[in-house]
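Please have the sequence and the model open while reading.

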Amino acid sequence: MTFNARAFKLADVTLTATTSQILTPPAAPAAGRWAPKLWAILFVAGLAMFLDALDVSMVGVALPSIGQELGLDTAALQWIVNGYILGYGGLLLLGGRAADLLGRRQVFLTALVVFGIASLIGGLVDEGWLLIATRIVKGVAAAFTAPAALSIITTTFKEGPDRNRALSIFAVFGATGYASGLIVSGLLTGIDWRLTFYLPVVVVAGVVFAAYIVVPRNTEKEEGRIDFAGAALLTGGTLAAIYTIVTAPETGFTATVIATTILAVGLLSAFFVVENRVSHPLVRLSIFKVKSIVRANLAALAIFGSYLSFQTIVSLYLQNTLHWEPLQMALAMAPTGIIVAILSPVAGKLIDRFGTTPMILAALTSFVAGYAWFLTRGGNPDPAYAVDYLPAFLLLGLGFALGFSAVMVQATEGIADHEQGLASGLVQTSFQIGGAVVLAVATGLISGAATDGIAGYQPGLYLVTGVAVVGLLASTAALIGRRQVVAEIA
């Protein structure tokens, strides 16, 4: 999530150390108080999370205005979101591996610059396809910054309470970015939606400057080489699969859809064959034998897959059907990010006490309850915000606060430092691919819904709720299975 950093007194961070001292990798922190250098590293890595969440939420609010100016329908608008997600999700594993092999700092800085340039160009274009192209490039850049940032944290803070605390703070940056993006986009879109593309450029400039000073250079790079063949097969297969999912509901199984289906199956099958044969695979497939990693990635699919589609559906419903102003809609959804910012600081302590699986289970329960509330109350033609909408948004915020850090911890615990980039990229891929697939199906289900009131959006809302329910059932089964094993051992 696409949180209030002041809660962690990051303003106390001082950068009085010399540049050479700052560029020296810090020792793993001991439990307790952290040195200013460690806070500074966490702050810079968190800013990348802030930037990603800021961008996602700003674009979500601006979609109706973009569609009106550029003449894009709902099916085309979803590619502005999914173009970013596909570039992001399709190359995250490559980004994570590149961070391990080429150096986290180098990859982080380079990708940030590309992200800023693509965002600037996106604000200048006047054609829908060009805007989508810049979104894909931004997604590709984020595919390198995100796993690099996360692996910087997981290799700086040792596994256990320190890492759990660091990841909960990392989540706060995401919540702050998300909530800020909603409100800022509501203000900027009322002037010109293009401003929502220019603002990230300013943020990127600040992050690049801070990262150059603060983030340590890798003293040791991992052995191996980048599996470009695997990356190409995975990205091509993912793109073909999403195109099929997006297009089939509108056109049926035409020759093109059948061809892209066959292409997707072929490329993804070839990916698994290649990964089993190359000496330095993009994904070490045996990593999936670790059950906790599989569970974390399934939870990531359910959480972001359901929420991103929900945000898009609600944005379109409130603005296109109920004719709310962008700022009004943004303020309505802001409590989701605010509740995450308030509660995320305690997530690390809750993980230490209860473990990751119960936390994820509680999170998905909260998501299901939030979606169910909106399904039953959100269609009121004369809604009372405090009763019909606010409880749903608060429940979703609670779900993110409990679940995001828990998923990240579960996905990276027990993984050696030389594969932290892989594990980080894998779980973030699951977040993004889940978002892309569910959004593609949801937008197909709600096409032309603006004139049908809430009824036109209900198929998408049912899908969103169903995805969260499936995730909840999977997490419940995992918790029951783990308790049975413990009982047998006892």
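Glu 69 is partly exposed, at 44% relative accessibility. The model is a predicted one. Glu 69 pairs with Arg 194 in a salt bridge, and their closest N and O atoms are 3.1 Å apart. Arg 194 counts as buried, with a relative accessibility of 10%. This pair links distant parts of the chain. Glu 69 belongs to helix H2, while Arg 194 sits in the loop between helix H6 (161–189) and helix H7 (195–214). The two residues are 125 residues apart.

**Salt bridges**

How many salt bridges are there in the model? The count comes to five. Three of these are set out below.

| Asp 55 | Arg 135 | 2.6 Å |

Arg 135 is buried at 2% relative accessibility. Lys 138 is buried as well, with a relative accessible area of 0%. Shared partners join Asp 55, Arg 135 and Lys 138 into one network of salt bridges.

**Packing of H2 and H10**

Two packed helices are described by the angle between their axes and the distance between the axes. What are these values for H2 and helix H10? The axes of H2 and helix H10 (residues 291–321) come within 8 Å. They cross at roughly 35 degrees. The crossing of H2 and H10 is right-handed.

From H2, the contact uses Val 56, Ser 57, Gly 60, Val 61, Leu 63 and Pro 64. From H10 come Leu 308, Gln 311, Thr 312, Ser 315, Leu 316, Gln 319 and Asn 320. How do the residues of this contact divide into nonpolar, polar and charged? Six are nonpolar, seven are polar, and no charged residue takes part in the contact of H2 with H10.

**Aromatic pairs**

The structure holds 18 aromatic pairs. One of them is formed by Phe 271 and Phe 272. Their rings are edge-to-face, 5.4 Å centre to centre, with 75 degrees between the planes. Phe 271 is buried at 4% relative accessibility, whereas Phe 272 is partly exposed, with a relative accessible area of 43%.

Phe 310 and Phe 374 form an aromatic pair that is also edge-to-face. The distance is 5.3 Å centre to centre, and the planes are 85 degrees apart. Phe 310 lies in helix H10 and Phe 374 in helix H13, so this pair ties together parts that are 64 residues apart in sequence. Both Phe 310 and Phe 374 are buried.

Which residues do ring pairs link into a cluster? The members are Tyr 307, Phe 310, Trp 324, Phe 367, Tyr 371, Phe 374, Tyr 385, Tyr 389, Phe 393 and Phe 400.

**Two further sites**

Thr 356 is in helix H13 (residues 356–377). Thr 356 is buried, with a relative accessible area of 8%. Leaving aside neighbours within four places in sequence, Thr 356 is in contact with Ile 351, Ala 406, Val 409, Gln 410 and Glu 413.

Leu 463 is placed in helix H17 (residues 458–489). At 23% relative accessibility, Leu 463 is partly exposed. Not counting residues up to four places away in sequence, Leu 463 touches Val 438, Val 441, Ala 442 and Leu 445. What separates the C-alpha atoms of Leu 463 and Phe 310? The distance is 9.4 Å, although Leu 463 and Phe 310 are 153 residues apart along the chain.

Definitions and conventions:
Residues are numbered from 1 along each chain as its sequence is written. This is a predicted model: local features need pLDDT of at least 70, side-chain atom pairs count only at pLDDT 80 or more; totals for chains, interfaces and linings use all residues. Side-chain values use heavy atoms; hydrogens and water are left out. A salt bridge is a side-chain nitrogen of Lys or Arg within 4 Å of a carboxyl oxygen of Asp or Glu. Buried means under 20% relative accessible area, exposed over 50%, partly exposed in between (1.4 Å probe, protein chains only). Helices (H or I, at least four residues) and strands (E, at least two) are DSSP runs, numbered from the N terminus. Contact means heavy atoms within 4.5 Å. Axes are lines fitted to C-alpha atoms, for helices over the stretch in contact, and angles run from 0 to 180 degrees between N-to-C directions. A crossing is left-handed if the near helix is turned anticlockwise from the far one by less than a right angle, and right-handed if clockwise. Ala, Val, Leu, Ile, Met, Phe, Trp, Tyr, Cys and Pro count as nonpolar, Asp, Glu, Lys and Arg as charged, and the others, Gly among them, as polar. Rings of Phe, Tyr and Trp (its six-membered ring) pair if their centres lie within 6.5 Å; planes under 30 degrees apart count as stacked, over 60 as edge-to-face and the rest as tilted.
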